[in-house]
Structure formats: C-alpha cells, structure tokens
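Here is a short report on one protein chain. Look over the sequence and the model, then read on.

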Amino acid sequence: MDDIVVGPLDLAARVDDALAVQAQAFGLTAEEVAVRRHIVLRHLASRGARALGATARGGRLVGFVYGMPNDRTHWWSGVVEPYLRATGTEGWLDDSFVITELHVHPDFQKRGIGRALITMITDSAAEPRSILSAVDTESPARALYRRLGYRDLARPVHFPSAQSPYVVMGAPLPLLG
C-alpha cells in the first residue's frame, strides 16, 4: 500500500471516478451506474455523511468508502428493519454509523486498502457501533468484515432491486485491528 494514499474524498466532485471503481468491483452496468450516481449524490446531503478515497500515483481513485449516521427514515433502514426485528437485532439501527458503500478496484484488492478505508472512516464516527449490508456469499469482503469484528445480524435480506440476497452485519466501534 506504499503507493496508495487514503484520505478525505470530495465524493460529489469525484462521483464518476468512484462509480467507475464500483462498476469494476461490483460488475455494474452503465444503467446501474447512472441510477447509483443519483443515489450517491442524494446520500451526500444527509447529516454526517462523509467519504474517504484511496488514491494511486497520478491521482487515480482506486477505492472509496462513504457512510453516515443511520437514520431510520432512510430507505435502507426501512428495508432492513423487519429483518433485524425478526432476529431481535433491530436496536442496531439506533446510534450506528452505516457503511453505505466500500469498493476497491479489483487490480488493487488484497493490499489492505479496504481495511484502511473502513477503519479510518469508522474511527472518526461518534456512534458506538457500525452496520452495513453485503452480498450474502462467502467473499473476501465478508471475511474482512468478520476480521474487523462485524457479525451477521440478519440474513437473507432481500432488497427490492437486487437479484442476490444480502446480509446485514454489525460491529462495535472501534473495529478490531
């Protein structure tokens, strides 16, 4: 990671660069990117929203994370709340910092960039815990989240526009080293 700098990101100004990373990491179509662009920009207007980026030499964005304090009136909370209630973990929606998106370009994965991004953004959170949703498969991302102290709170979670089931995970802050 010697050639990568992780720090604050003006996500509104670099939304297209960030979504290009997400498209590569997550396999998004151009249509999905267009929809997500509006979602990201709307999220950035939320109270406490902030972003970090991982930048390679020359200024190329190779990873990013953004999140915000959870708000039960937001769409995501409304979708996951019944699943969390069913597992007795609905309280995780209160006083938590949501990792909304975390993506690292495939050419830069397995170098500690994702770990640096998520730990740096949660280290600055005032909330005592963090929650996120991830595709419900055994992936390197899920393994990373577990190593950082996240545990499954509810699964499978079905988002209206997603084909794959998700899992909601939560961890006390600060995250494990």
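## Surface and charge

The protein chain exposes about 8,900 Å². Carbon and sulfur atoms supply 53% of that area. Accessible areas come from the Shrake-Rupley method with a 1.4 Å probe, and for residues only the protein chains shown count as cover.

The chain carries 19 positive and 19 negative side chains. The centres of the two sets lie 3 Å apart. Lys and Arg count as positive, Asp and Glu as negative; His and the chain ends are not counted. Each charge is placed at NZ of Lys, CZ of Arg, CG of Asp or CD of Glu.

## About the model

This is a predicted model, in which local features need pLDDT of at least 70 and side-chain atom pairs count only at pLDDT 80 or more, while totals for chains, interfaces and linings use all residues. Residues are numbered from 1 along each chain as its sequence is written, and side-chain values use heavy atoms, with hydrogens and water left out.

## Overall fold

The protein chain has 5 helices and 7 strands. These are DSSP runs numbered from the N terminus: helices are H or I with at least four residues, strands are E with at least two. Along the sequence the pattern reads β-α-α-β-β-α-β-α-β-α-β-β. The radius of gyration is 15 Å, close to the 16 Å that the globule rule gives for 177 residues, so the chain is as compact as a globular protein of that length. That radius is taken over C-alpha atoms, and the rule is 2.2 Å times the number of residues to the power 0.38.

Buried residues make up 46% of the 177. Buried means under 20% relative accessible area, exposed over 50%, and partly exposed in between (1.4 Å probe, protein chains only).

## Helix 4 and Thr-119

How many of the 11 residues of helix 4 are buried? The count is 8, so helix 4 is largely enclosed by the rest of the structure. Among them are Ile-113, Leu-117 and Ile-121. Their cover includes strand 1 (4-8), strand 4 (96-104) and helix 5 (140-147).

Thr-119 is found in helix 4 (residues 113-123). It counts as buried because its relative accessibility is 19%. Leaving aside neighbours within four places in sequence, Thr-119 is in contact (heavy atoms within 4.5 Å) with Leu-148 and Leu-175.

## Annotated domain

The unreviewed UniProt entry annotates residues 4-174 as "domain: N-acetyltransferase". Such annotations may be inferred rather than shown by experiment; positions follow the numbering used here, and feature names are shortened. The span is 33% helix and 30% strand, and its end C-alpha atoms lie 23 Å apart.
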